[in-house]
Amino acid sequence: MERYLTACGGDTHKAMTLYQYNLQISQEMFTIVSCFEVALGLLV
């Protein structure tokens with residue numbers, strides 16, 4: 001959490017918002033990577 005607080009100048013609310021955005025992006029990327037992994041497995 002320290003990284004987010006630093007990036008937001010110590011603003012806890014902004015840091016939490018940034019953290020939540022990061023979680024959402026990570027979830028989306030995981031879905032894409034998982035689909036790619038399955039598709040790649042079908043080709044091998």
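This passage describes the fold, the surface and selected residues of a single chain.

The model is predicted, with local features requiring pLDDT of at least 70 and side-chain atom pairs counting only at pLDDT 80 or more, while totals for chains, interfaces and linings use all residues. Residues are numbered from 1 along each chain as its sequence is written, and side-chain values use heavy atoms, with hydrogens and water left out.

The chain contains two helices and zero strands; helices (H or I, at least four residues) and strands (E, at least two) are DSSP runs, numbered from the N terminus. Along its principal axes, the C-alpha trace spans about 50 × 15 × 10 Å. Helix H2 covers residues 12-43. The end C-alpha atoms of H2 are 46 Å apart, in agreement with the 46 Å that its 32 residues should span at 1.5 Å a residue; the expected span is 1.5 Å times one less than the number of residues. At the start of H2, the backbone nitrogen of His13 lies within 3.0 Å of a side-chain oxygen of Asp11.

The chain exposes about 4000 Å², of which carbon and sulfur atoms supply 66%. Accessible areas come from the Shrake-Rupley method with a 1.4 Å probe, and for residues only the protein chains shown count as cover. Of the 44 residues, 7% are buried, where buried means under 20% relative accessible area, exposed over 50%, and partly exposed in between (1.4 Å probe, protein chains only). Cys8 is buried because its relative accessible area is 19%, whereas Cys35 counts as exposed at 51%. The structure holds zero disulfides (pairs of cysteine sulfur atoms within 2.5 Å).

The C-alpha atom of Ile25 is separated by 22 Å from that of Gly10, 15 residues apart along the chain. Leu23, also placed in H2, is partly exposed because its relative accessibility is 38%.

Key. A polar contact is a pair of N or O atoms within 3.5 Å; within protein, one must be able to donate a hydrogen and the other to accept it, and residues adjacent in sequence count only if both atoms are side-chain atoms.
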